[in-house]
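The sequence and the structure are shown first, and the discussion follows.

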Amino acid sequence: MIGPVAFVGTWATLGTRFPGYDPTQDAISRLAADGAPDQAWMTAGFVAFGIGVPLFAVALRDALPGPAWTTAMATGLATLGVAALPLDGWAGDTAHGVAAGIAYVTLAATPLLAAGPLARLGRSRAAGASRILGVASLACLGATTLDDRAGLLQRLGLTLGDIWLVAAAVGILRGGYGRPE
């Protein structure tokens, strides 16, 4: 839960402090671009997410059958790549974009891959919510390439994925995964 909360809290706060930054149009990664005023803080938000989500993935692997844990792990590792490869940085924006793209797709895929195992465990509401959040996250993130409000769509898509991560973590902590409804 800490990784998604730290990540969202960081970009939500820093987006109000960056001169000329428009969170409805500009990517979150612009806050961590090489030379950005609060680069270190946004990079720390990426790193918190990049460490927290793989730790969650290990718990998910133990709590839920199926491959959802692998995409959660990939999300965290790709996010560490986003942190290591900032926009305008040493490796160029293409490397950053590849890492970010992998992180987006795997974040949206995680609840989709969890839906089937949740349904088989009798967790029909959790399975349905997983499908809805996964599809909505994927749609928002895909639409970022088509709309001039890409920043808003990116934030919405990532937040939907993060909501699933937090809800799943709460479910695991409460012992709800692995038990029929």
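## Packing of α4 against α5

Helix α4 passes α5 in a left-handed crossing. The structure is a predicted model, and in it α4 and helix α5, the latter spanning residues 124–143, pack at an angle of about 160 degrees with their axes 8 Å apart. Since angles over 145 degrees count as roughly antiparallel, α4 is therefore roughly antiparallel to α5.

On the α4 side, the residues that meet α5 are Tyr104, Ala108, Pro111, Leu112, Ala115, Gly116, Leu118 and Ala119. Their counterparts in α5 are Ala126, Ala127, Ser130, Arg131, Gly134, Val135, Ser137, Leu138 and Leu141. Sorted by class, the contact of α4 with α5 has twelve nonpolar, four polar and one charged residues.

## Packing of α4 against α6

Helix α4, which covers residues 93–120, also packs with helix α6, which covers residues 150–173; their axes come within 10 Å and cross at roughly 40 degrees. The two helices α4 and α6 are therefore oblique to each other, and their crossing is left-handed. In this contact α4 contributes Tyr104, Leu107, Thr110, Pro111 and Ala114, while α6 contributes Gln154, Leu158, Gly161, Asp162, Trp164 and Leu165. The residues of the contact of α4 with α6 divide into seven nonpolar, three polar and one charged.

## Salt bridges

Side chains of opposite charge can pair when their charged atoms come close. The count comes to four salt bridges, and three of them are described here. In one of these, the side chains of Asp38 and Arg17 meet with an N to O distance of 3.0 Å. Asp38 and Arg17 both lie in the loop between α1 (2–14) and α2 (39–63), so the pair ties together parts that are 21 residues apart in sequence. Asp38 is buried, with a relative accessible area of 12%, whereas Arg17 is exposed, with a relative accessible area of 51%.

Another salt bridge joins the side chains of Arg30 and Asp88, with an N to O distance of 2.6 Å. This pair links distant parts of the chain, 58 residues apart, with Arg30 in the loop between α1 and α2 and Asp88 in the loop between α3 (68–84) and α4. Arg30 is partly exposed at a relative accessible area of 29%, and Asp88 is partly exposed at 43%. A further salt bridge is formed by the side chains of Arg61 and Asp62, at 3.5 Å from N to O; here Arg61 counts as partly exposed at 40% relative accessibility, and Asp62 counts as exposed at 61%.

## Backbone of Asp88

Most residues other than glycine have a negative phi. Asp88, although it is not a glycine, has a positive phi of about 60 degrees. Asp88 is found in the loop between α3 and α4, and the residue with this backbone angle is also a partner of Arg30 in a salt bridge.

## Individual helix residues

Ala99 belongs to helix α4 and is buried, with a relative accessible area of 9%, a value that falls under the 20% cut-off for buried residues. When residues up to four places away in sequence are not counted, Ala99 touches Ala78, Gly81, Val82 and Leu85.

Ala129, placed in helix α5, has a relative accessible area of 33% and is partly exposed; Ala129 and Thr79 are 50 residues apart in sequence and 24 Å apart in space, C-alpha to C-alpha. Thr159, found in helix α6, is partly exposed with a relative accessible area of 23%, and the C-alpha atoms of Thr159 and Leu80, which are 79 residues apart along the chain, are separated by 18 Å.

How values were computed:
Residues are numbered from 1 along each chain as its sequence is written. This is a predicted model: local features need pLDDT of at least 70, side-chain atom pairs count only at pLDDT 80 or more; totals for chains, interfaces and linings use all residues. Side-chain values use heavy atoms; hydrogens and water are left out. Axes are lines fitted to C-alpha atoms, for helices over the stretch in contact, and angles run from 0 to 180 degrees between N-to-C directions. Helices (H or I, at least four residues) and strands (E, at least two) are DSSP runs, numbered from the N terminus. Angles under 35 degrees count as roughly parallel, over 145 as roughly antiparallel, 65 to 115 as roughly perpendicular and the rest as oblique. A crossing is left-handed if the near helix is turned anticlockwise from the far one by less than a right angle, and right-handed if clockwise. Contact means heavy atoms within 4.5 Å. Ala, Val, Leu, Ile, Met, Phe, Trp, Tyr, Cys and Pro count as nonpolar, Asp, Glu, Lys and Arg as charged, and the others, Gly among them, as polar. Buried means under 20% relative accessible area, exposed over 50%, partly exposed in between (1.4 Å probe, protein chains only).
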